[in-house]
Protein chains: 4
Amino acid sequence: MAAPKKVVLAYSGGLDTSIILKWLQTEYDCEVVTFTADLGQGEELDPARKKAELLGIKPENIFIEDVREEFVRDFVFPMFRANAVYEGLYLLGTSIARPLISKRLVEIAKETGADAVAHGATGKGNDQVRFELSAYALDPEIKVIAPWREWDLSSRTKLLAFAEENQIPIAKDKRGEAPFSVDANLLHTSSEGKVLEDPAQEAPDYVYQRTVNPEDAPETPEFIEITYSKGDPVALNGEEKTPAEMLTALNELGGKHGIGRLDLVEGRYVGMKSRGVYETPGGTIMLEAHRGIESITLDRGAAHLKDELMPKYAELIYNGYWYSPEREMLQALIDQSQTHVNGVVRVKLYKGSVNTVARWSDDSLYSEQHVTFEDDAGAYDQADAAGFIKINALRLKLLAARNNR
Amino acid sequence: MAAPKKVVLAYSGGLDTSIILKWLQTEYDCEVVTFTADLGQGEELDPARKKAELLGIKPENIFIEDVREEFVRDFVFPMFRANAVYEGLYLLGTSIARPLISKRLVEIAKETGADAVAHGATGKGNDQVRFELSAYALDPEIKVIAPWREWDLSSRTKLLAFAEENQIPIAKDKRGEAPFSVDANLLHTSSEGKVLEDPAQEAPDYVYQRTVNPEDAPETPEFIEITYSKGDPVALNGEEKTPAEMLTALNELGGKHGIGRLDLVEGRYVGMKSRGVYETPGGTIMLEAHRGIESITLDRGAAHLKDELMPKYAELIYNGYWYSPEREMLQALIDQSQTHVNGVVRVKLYKGSVNTVARWSDDSLYSEQHVTFEDDAGAYDQADAAGFIKINALRLKLLAARNNR
Amino acid sequence: MAAPKKVVLAYSGGLDTSIILKWLQTEYDCEVVTFTADLGQGEELDPARKKAELLGIKPENIFIEDVREEFVRDFVFPMFRANAVYEGLYLLGTSIARPLISKRLVEIAKETGADAVAHGATGKGNDQVRFELSAYALDPEIKVIAPWREWDLSSRTKLLAFAEENQIPIAKDKRGEAPFSVDANLLHTSSEGKVLEDPAQEAPDYVYQRTVNPEDAPETPEFIEITYSKGDPVALNGEEKTPAEMLTALNELGGKHGIGRLDLVEGRYVGMKSRGVYETPGGTIMLEAHRGIESITLDRGAAHLKDELMPKYAELIYNGYWYSPEREMLQALIDQSQTHVNGVVRVKLYKGSVNTVARWSDDSLYSEQHVTFEDDAGAYDQADAAGFIKINALRLKLLAARNNR
Amino acid sequence: MAAPKKVVLAYSGGLDTSIILKWLQTEYDCEVVTFTADLGQGEELDPARKKAELLGIKPENIFIEDVREEFVRDFVFPMFRANAVYEGLYLLGTSIARPLISKRLVEIAKETGADAVAHGATGKGNDQVRFELSAYALDPEIKVIAPWREWDLSSRTKLLAFAEENQIPIAKDKRGEAPFSVDANLLHTSSEGKVLEDPAQEAPDYVYQRTVNPEDAPETPEFIEITYSKGDPVALNGEEKTPAEMLTALNELGGKHGIGRLDLVEGRYVGMKSRGVYETPGGTIMLEAHRGIESITLDRGAAHLKDELMPKYAELIYNGYWYSPEREMLQALIDQSQTHVNGVVRVKLYKGSVNTVARWSDDSLYSEQHVTFEDDAGAYDQADAAGFIKINALRLKLLAARNNR
């Protein structure tokens with residue numbers, strides 16, 4: 001790979017990506033463009049601008065953007081239409097943010113004439129894969145630089161030394177090593193590493209940042225109503241919300257009631273297992289509510305097909321294949337199913353739990369007339385069931401007769 | 001179908017199956033054999049014997065059996081090895097009991113020379129299908145009688161009149177109609193119908209029979225440790241348990257903490273949607289704990305294959321195909337994966353929630369050496385990741401180049 | 001079901017459906033509307049009109065339509081985009097015609113104010129299911145009449161007697177019983193029953209109607225070129241064709257070379273196995289050619305996802321679920337994959353075989369530069385493969401280390 | 001990776017692996033053990049021993065083995081039980097041989113105290129992945145050396161120069177470059193590269209080595225009968241055969257009739273598409289015959305589950321995951337289905353085609369009594385079909401009613 005001339009860096013403004021910024025300038029003698037996105041991680045972005053300037057980035061090369069609406073509308077919501085859960089538990093909060101960042105990196109590279117993009121993910125994790133597969137899928141000519149896989153700054157000490165040598169300001173609390181590593185966006189906060197590395201040890205309470213301990217949550221349940229339109233939540237307690245407003249509001253509610261904490265061990269795409277602690281308050285509510293509204297508006301055949309394909313869809317997102325034809329094909333299938341997923345779900349929030357307690361819809365497929373224990377006025381002829389069973393049993397009978405021969 | 005001469009009836013001893021018993025005698029002038037199983041439904045079985053005698057059943061035709069260990073060992077545990085959940089939520093508590101009952105009905109028919117079996121399920125539900133497919137799969141020559149699909153006792157009034165005419169004792173509290181219908185066994189209690197028929201109405205609290213309201217559960221969490229061997233729970237807090245003992249103990253714990261309540265709308269095999277309220281306290285704990293132990297002992301490839309096949313496996317059980325070659329093929333696949341699913345899971349029970357907080361195993365695949373943020377002593381070469389990504393990206397790059405042409 | 005007042009009958013003009021026509025008039029005293037479709041079965045439609053008139057059908061109630069283009073464009077081609085094959089062999093030639101007929105029956109019912117439709121399929125086969133599921137899915141209020149399941153004309157003798165009583169003309173060659181039963185349309189001819197009922201007996205040569213015996217096919221191979229656009233064949237040897245023209249031309253070619261004969265035993269949806277002999281000359285060529293063009297234009301991820309879902313898609317069509325949400329969802333997924341399936345395939349036709357021998361496309365993903373054994377000028381770095389393998393091997397190594405512990 | 005001390009090399013005795021042998025000695029100054037397997041590739045093995053001796057390999061380090069029976073019995077037959085086909089066409093002839101070779105390499109490494117294995121596959125293909133994943137899965141500590149990815153002998157000229165420098169004898173016909181590359185074993189011969197690199201060009205006839213051109217095949221068809229036991233072919237025309245004898249005999253028959261030629265473009269695991277020409281005469285017959293015997297002995301539910309899982313199973317083998325838990329899980333599922341796959345299939349071989357024409361079995365599920373067009377003596381009640389359809393239609397009706405609202 002020829003040396004890059006101009007690199008767009010996914011820049012948080014923190015110590016690590018500031019070191020990367022400097023290292024790129026030093027190592028490749030290249031121009032650096034910074035891209036700092038507000039994905040709802042809950043950090044001020046202004047300091048990132050100042051720091052970038054301090055590190056010599058030209059104003060026209062500093063991109064700071066609020067992408068929260070795009071994030072929720074074009075990534076989070078489509079994913080929740082699928083009820084996507086990885087390995088039965090993980091709501092993919094980190095996975096789903098990477099494609100958006102890569103997309104903007106590649107777009108900014110085009111705008112600014114850059115020939116490379118760079119990210120701060122390590123060589124052991126999934127994020128490097130997600131960033132890079134997305135970038136290559138969007139621009140097959142782009143170079144991707146992953147400093148953590150290249151440099152020799154392999155210890156905290158070396159990193160800090162490099163920062164000091166290069167006049168990179170080090171916040172006091174960053175001197176010592178963080179007791180675990182954090183990633184956050186509007187969908188979730190994930191924590192992993194260090195104190196969390198032994199899965200036989202319970203995660204200390206200070207790891208949780210976004211949700212109260214269920215024991216400290218309110219003593220009384222709270223009931224909310226979420227309105228769905230074509231599979232997406234559009235109103236909360238009757239009040240319309242944009243996608244990011246919706247997720248923000250649900251996060252607040254979930255956080256308050258201790259909802260969405262998850263402590264798990266997952267199988268990384270790069271082959272090892274890792275332990276993570278996730279907080280997905282709003283997402284956990286959305287998963288439950290979406291299933292609730294689908295339960296009355298989605299046909300059984302459609303629902304079961306979605307269920308069978310969900311693990312593959314979730315795996316694709318987890319593994320970084322958002323921009324792959326197979327993810328897009330599955331999305332087409334899923335979206336097609338959501339046309340009538342409209343209505344209202346009432347959920348109960350209480351000390352860590354979220355449960356659907358009621359649901360209604362003008363598009364409901366639930367037919368009290370058919371299901372009733374009472375007289376159904378001929379809607380359903382029980383005699384049909386006999387034929388249904390007989391025909392379904394035929395192959396089993398032939399089989400039993402054969403096996404008994 | 002020629003009239004049956006001797007019928008084995010799944011007999012609970014309750015009013016409805018007593019009416020069926022009498023109706024069979026009357027309608028077909030046939031000998032009736034009763035089979036009453038203790039599946040852990042929490043009812044005395046002695047009264048069933050007395051009632052059967054009262055209705056003229058010969059002592060040698062009365063079969064009363066405690067099948068709880070068989071139920072949990074051969075049906076519940078194999079199903080939980082698959083993490084089976086129907087439509088994302090339902091733990092299949094009713095579905096899984098039906099094949100065992102059918103199996104004993106057919107076996108008793110053989111022992112007693114009966115040519116038919118009978119059950120008390122209605123023509124609108126799934127249970128008729130489960131009973132009958134199982135029976136036909138086990139004995140292709142057996143006749144199955146489903147009185148609810150045949151008789152004209154289509155209202156409560158008519159049923160009670162028939163009971164009175166035939167000297168069937170009617171318990172006082174059975175005069176009025178039950179406000180909902182209940183099925184129970186060691187795995188769960190389900191409630192449906194009547195007051196639950198409107199899914200837009202929250203289920204009244206008196207529906208729940210086996211779990212306390214989370215609001216009334218203890219204020220302090222309880223932590224328990226479950227030991228797994230080949231995918232099955234074998235010890236609780238270090239104390240060995242038989243399968244039924246294990247489920248009984250977990251039910252008690254779950255019930256006390258308000259765990260396992262579920263209010264949902266499901267798609268029945270016979271085509272309509274129905275609303276059910278389920279309580280599966282021990283099962284809900286087992287599902288979480290099994291996932292916990294699999295998370296460290298099951299390879300990613302194995303786990304993902306299981307996840308992809310689970311919805312089909314669950315659907316087969318829900319639809320009544322326990323004794324089908326495809327369920328047995330899937331079971332072979334699942335069981336093969338569980339050889340190393342051994343170890344201990346620590347879960348937290350608190351006000352409706354159950355969460356894995358720690359897990360350990362001699363068969364763990366988790367490698368702190370590989371995953372660590374610290375120096376890994378060469379266990380993992382980050383440079384490999386670059387090649388991994390490049391090769392995985394190749395087809396996406398070729399695709400992007402083509403699409404941009 | 002209340003008696004029908006006006007029935008739209010799928011009417012071939014043959015003896016059987018003429019008897020049905022009369023029977024409907026007699027049995028229900030209802031007005032009959034006839035629908036006769038040219039699906040490419042190779043029969044004159046004019047006699048059907050005359051016969052219908054003879055049987056007293058009012059001119060405005062006689063619908064005779066050439067639906068060949070619609071059949072191929074909206075049913076056959078979408079199905080071939082999926083490479084749909086049932087049970088590894090059957091190209092679904094009968095299955096795919098039924099939904100179109102039902103659609104027109106229901107539409108004509110609406111136009112003419114009829115409240116019922118009727119078909120001539122028996123109670124043992126798949127066609128009844130296909131006709132009726134389609135009809136109900138398109139109009140949930142429609143009545144469907146299946147005379148073969150209702151009447152007592154259960155033998156050939158009774159049928160002929162009924163015909164004679166009712167002055168239905170009986171062609172001479174219909175007096176005796178046909179040695180097998182035939183269904184035909186532009187996609188295929190199927191033969192089953194009678195002389196074919198023993199699957200241990202080779203099908204006699206006179207069963208085949210549309211293809212020559214490969215032994216009698218030309219001694220020299222013929223090469224043809226099929227041009228694809230978005231997954232559909234649009235030109236033959238450079239000459240543009242409409243869908244029906246294309247299939248007609250391929251049928252001729254295939255028939256001449258003895259291509260597309262199939263003798264199999266299949267699992268019917270109604271539970272029994274049946275033996276069928278199929279001739280699908282053009283379809284067999286299309287399947288091979290479509291795979292050929294996909295092989296260079298479809299990404300591996302997309303292709304494998306299609307392959308995994310194909311059996312379910314084929315099963316849905318076979319079982320009669322064309323108008324189901326799950327079939328439509330799968331179609332959305334499949335169609336999404338075909339955008340770039342453009343190009344030309346050259347196939348060789350010779351004595352029963354069709355084989356792709358060359359394929360090219362402006363949308364090709366095949367990169368000689370990457371795959372070459374020669375110097376690839378850096379297009380592919382073989383060192384990347386080492387990392388790719390190492391990372392993919394990691395979980396297997398951890399597993400082996402664990403299993404050896 | 002520390003330098004290897006003793007390496008087991010997959011050694012064919014040909015020029016390329018002889019160069020590798022020498023290169024290993026030179027590059028690593030290590031002891032070399034050679035393993036030469038007779039997989040049915042049709043080459044003498046004696047010369048390999050002489051050449052190895054000539055290159056200084058100690059007699060106790062030369063392993064020459066006939067593994068044909070093991071190959072067919074433990075690899076080919078299990079795979080054919082699945083009807084495995086990659087991308088709709090490829091019978092996996094190369095893929096299935098690699099795991100066996102790796103297994104023996106690793107076993108010999110253990111016997112001889114070697115710490116590494118080496119193979120002659122290039123860095124662009126699938127075989128490197130198959131060799132290495134298998135080796136790592138069997139011994140996580142083994143080192144694998146892939147000289148083609150390491151050395152700088154990147155052109156034919158350099159290779160020949162190296163050979164001459166090192167006194168490696170060069171057969172006259174190896175001076176010039178082969179016009180394409182070949183791999184062969186008892187299951188198939190594959191050819192790729194060079195003259196085959198342009199998929200728009202028809203493969204020249206001299207590429208085919210194992211099958212006659214269909215045009216040159218006998219003018220009269222040949223009929224053979226294959227007896228199956230538990231899914232494996234065990235007798236040909238009534239004569240019992242060992243696995244390797246069976247495949248050998250079918251290869252001869254297939255080759256004579258021009259059966260099993262395949263010209264395709266496939267998606268490699270390493271991301272590019274490649275064009276290959278395959279000849280699998282016996283395998284093509286086995287696939288057809290196995291489907292034939294399954295068609296009468298395998299239940300529909302079992303068959304369809306197998307069909308749905310086959311693409312994933314084939315992909316696993318193609319990608320090199322024979323020794324993965326997921327392949328083994330799928331194998332358990334498949335093998336479980338084959339218990340009753342017993343009987344005889346009669347197939348017709350003629351000018352490139354193989355077609356089942358008859359099949360019979362004591363374990364047949366085909367019931368003439370049920371399927372007959374004649375009077376079935378009550379085996380099947382057509383009225384049942386009405387109920388079957390009504391119940392299956394219910395959800396579609398509810399859906400249509402909803403969608404029309």
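A salt bridge here is a side-chain nitrogen of Lys or Arg within 4 Å of a carboxyl oxygen of Asp or Glu. Before we start clicking: this is a predicted model, where local features need pLDDT of at least 70, side-chain atom pairs count only at pLDDT 80 or more, and totals for chains, interfaces and linings use all residues. Residues are numbered from 1 along each chain as its sequence is written, chains are lettered from A and ligands numbered from 1 in the order in which they are written, and side-chain values use heavy atoms, with hydrogens and water left out.

**Stop 1: a pair in chain C**

Select C:Glu132 and C:Arg149. They form a salt bridge whose closest N and O atoms are 2.8 Å apart. This pair links distant parts of the chain: C:Glu132 sits in helix α5 (residues 127-138) of chain C and C:Arg149 in helix α6 (residues 147-150) of chain C, 17 residues apart. Helices (H or I, at least four residues) and strands (E, at least two) are DSSP runs, numbered from the N terminus. Are these two buried or exposed? Both C:Glu132 and C:Arg149 are buried. Buried means under 20% relative accessible area, exposed means over 50%, and partly exposed is in between (1.4 Å probe, protein chains only).

**Stop 2: another pair, in chain B**

Now pick B:Glu70 and B:Lys103, a salt bridge with its closest N and O atoms 2.6 Å apart. B:Glu70 belongs to helix α3 (residues 68-81) of chain B and B:Lys103 to helix α4 (residues 98-112) of chain B, so to speak two distant parts of the chain, 33 residues apart. B:Glu70 counts as buried, at 19% relative accessibility. Over all chains, the salt bridge count comes to 124.

**Stop 3: chain A on its own**

Hide everything but chain A. How many helices and strands does chain A have? There are 13 helices and 14 strands. Its C-alpha atoms fill a box of roughly 85 × 55 × 45 Å, taken along the principal axes. Of the 405 residues of chain A, 67% count as buried.

Zoom in on A:Thr211, in the loop between β7 (189-192) and β8 (222-229) of chain A. A:Thr211 is buried, at 7% relative accessibility. Its side chain is joined to that of A:Glu279 by a polar contact of 2.8 Å. A polar contact is a pair of N or O atoms within 3.5 Å; within protein, one must be able to donate a hydrogen and the other to accept it, and residues adjacent in sequence count only if both atoms are side-chain atoms. Leaving aside neighbours within four places in sequence, A:Thr211 is in contact (heavy atoms within 4.5 Å) with several residues, including A:Gly255, A:Ile259 and A:Pro281.

**Stop 4: where A meets B**

Bring chain B back. The contact takes 102 residues from chain A and 103 residues from chain B. About 8,800 Å² is buried between them, 56% of it from carbon and sulfur atoms. Buried area is the accessible area (1.4 Å probe) that two parts lose on being put together, summed over both.

Six salt bridges are counted between chain A and chain B. One to select is A:Glu215 with B:Lys348, at 2.9 Å from N to O. A:Glu215 lies in the loop between β7 and β8 of chain A and B:Lys348 in strand β13 (residues 343-350) of chain B, so the pair joins two chains. A:Glu215 is partly exposed at 25% relative accessibility, whereas B:Lys348 is buried at 15%.

Why do the copies meet through the same surface? Because 100% of the interface residues of chain A are also interface residues in chain B.

**Stop 5: where B meets C**

Show chain C again. Here the contact takes 27 residues from chain B and 27 residues from chain C. Together they bury about 2,400 Å², 59% of it on carbon and sulfur atoms. B:Ile391, B:Arg395 and B:Arg402 supply 24% of the area that chain B buries against chain C, more than any other three residues.

Two salt bridges are counted between chain B and chain C. Select B:Asp299 and C:Arg395 for one with its closest N and O atoms 2.6 Å apart.

**Last stop: A:Lys312**

Finish with A:Lys312, found in helix α10 (residues 300-319) of chain A. A:Lys312 is buried, with a relative accessible area of 15%. Leaving aside neighbours within four places in sequence, A:Lys312 is in contact with A:Leu330, B:Glu308, C:Leu305 and C:Glu308.
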